[in-house]
Every structure is written in C-alpha cells, then in structure tokens.
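Please look over the sequence and the model first.

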Amino acid sequence: MKIIAHRGYSGLYPENTLLAIRKALDAGCDGIEIDLYRVEDTLVVIHDADVSRTTNGTGLLNNFNLQQLQLLDAGQGQRVPTLMQVLQLVNNQCLLNIELKGADTAGLLLQELATAEQQLGTRPELLLISSFNHHLLRFLHQHRPELKLGALTASLPLDYAAFASQLAAFSVHCDQDFIDERLVQDAHQRGLQVWVYTVNSAVRARQLHQLGVDAIFCNYPLEAKNWLSAAD
Ligand code: G3P
Ligand code: MG
C-alpha cells in the first residue's frame, strides 16, 4: 500500500507549504497531495477558500491579489506557494496528486501544466489530478485524456465506483469513514485503484491494508511507512 503525504508532511510542518513538501520528499513517500485554488491568473497551493486557518491573514482568498497573498505567513515563515513552485521543487521525484478545490481551476491547470512540461520538464505521467468537483475532471479528460484522474467522494455511492468509471478515472479517493469492502471490490473489478483519506493511525492503516486499499493519504508519511513495515 502506497503512502501519500497529505498536504505535504502536514502533521509536523505547515500544510501545503514548500517546507512540508520538502520534508515529505525527504521522508521518501510514494506521493504528495496538495490543494489548489486560483488567485488572479495563478494557481496557488492552499486548502481553504479563507486564509484564516492556515495563515496569519484573515478573510476570503478572493479578496487577495497574488502579491498580497504572498505577504502572508503560512507558518514557520513559509509563504503560500504557487503550483509552479511546487512542480519545480518536486521535480518528478515522486507522484504529485493535485486536488482542485476552486471551481475555476481546471482551464488554468491545463495552461500551467503545458508551461511546466516545457520549462521545468514536468512529467505528466507522474501527476494525478483529483477533485470533489467531477465536472472539472470531465473537462480535463475531454482536453487531455492521458492525464490520470482521481474521483473524490465523501460518501458511499449506491452504485459504488460507477461514478469513477464514468469519469474514466485512474482511482477512487474515498473518505475513511465510508470506505468498505464492497467499494474496494467494485473499484478493483472496474480496474480502478482505491485511495483513502485521511489516515493518521497505525491500526487504521493496517486495517485498510488488509482491505486491499491501494494507497492512504497521511499527515505523517515517515511514521506511516514504519506502521506498515511493522505489520509485514
Ligand atoms: O485528496 C484527499 C483529501 O485531501 C480530500 O479532502 O479536505 O483534505 O482536501 P481534503
Ligand atoms: Mg486535499
């Protein structure tokens, strides 16, 4: 089972910052997950539509321009990074799961990825784009069908993983509160991977491993590797 550093190594470092991402790379995780919003014409890495929880600022993200946003402290002197900064730092060293939060992010993502591929040598096969907004995933599939997609759900759908098949997704990303054996089996029969968020305990990680889950999102990627190796 793969370990995906959730918002970087967010258990010990400020989430969705370059520091948390660097520490996740150092931990040797299989992948890193980040969240994206759009500010003006730039994709930025932040989880909430309001800056208050994760920075020393207050108010809605859409009241900030990029310059104002980048003056905020996102913890330990870190700034809110741009997607391009993260792509440069990760530099194809592991899989990057880009979760689209803002509804206006998909078109800009295609533009920024094209630039990153040209200028930074970003390898698109090492990206996995996910969202709870399945319309964004459909848009991406229409424009770049080779991109890997992760269909997020915070529910246990009546027809299990059918929604992800419909999106031609690579994986179903399910909340650990709803995952069950039927969803895992249905997804696997459809050729889909099952990734589960957010798992921060050894006991739960081992249960999900037993269930056949392919990857977990964890805020403590280094610790998670030890939880699983102790179970082997
Ligand atoms: O992508 C998995 C997980 O991050 C989804 O929920 O709210 O932590 O972005 P959230
Ligand atoms: Mg996320």
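The model is predicted: local features need pLDDT of at least 70 and side-chain atom pairs count only at pLDDT 80 or more, while totals for chains, interfaces and linings use all residues. Residues are numbered from 1 along each chain as its sequence is written, ligands are numbered from 1 in the order in which they are written, and side-chain values use heavy atoms, without hydrogens and water.

Around ligand 1 (a heavy atom within 4 Å) stand His6, Arg7, Glu33, Asp35, His47, Glu99, Lys101, Phe132, Leu152 and Tyr197. By class, this shell holds five charged, three nonpolar and two polar residues. Here Asp, Glu, Lys and Arg count as charged, Ala, Val, Leu, Ile, Met, Phe, Trp, Tyr, Cys and Pro as nonpolar, and the others, Gly among them, as polar. The table gives distances from a side-chain N or O atom to an oxygen atom of ligand 1.

| Residue | Distance to ligand 1 oxygen |
|---|---|
| Arg7 | 2.8 Å |
| Glu33 | 2.7 Å |
| Glu99 | 2.9 Å |

Ligand 1 taken alone exposes 290 Å², of which the protein buries 90% (Shrake-Rupley method, 1.4 Å probe).

Lining the largest pocket are His134, His135, Arg138, His141, Phe163, Gln166 and Leu167. Helix 5 (134-143) and helix 6 (162-166) each contribute at least two lining residues, and helix 5 gives the largest share, four residues. Four lining residues are polar, two nonpolar and one charged.

Conventions: A polar contact is a pair of N or O atoms within 3.5 Å; within protein, one must be able to donate a hydrogen and the other to accept it, and residues adjacent in sequence count only if both atoms are side-chain atoms. On a 1 Å grid over the protein atoms alone, a cavity is a set of points where a 1.4 Å probe fits but cannot get out, and a pocket is an open set with protein on both sides within 12 Å along at least five of seven lines; lining residues have an atom within 4 Å of a point.
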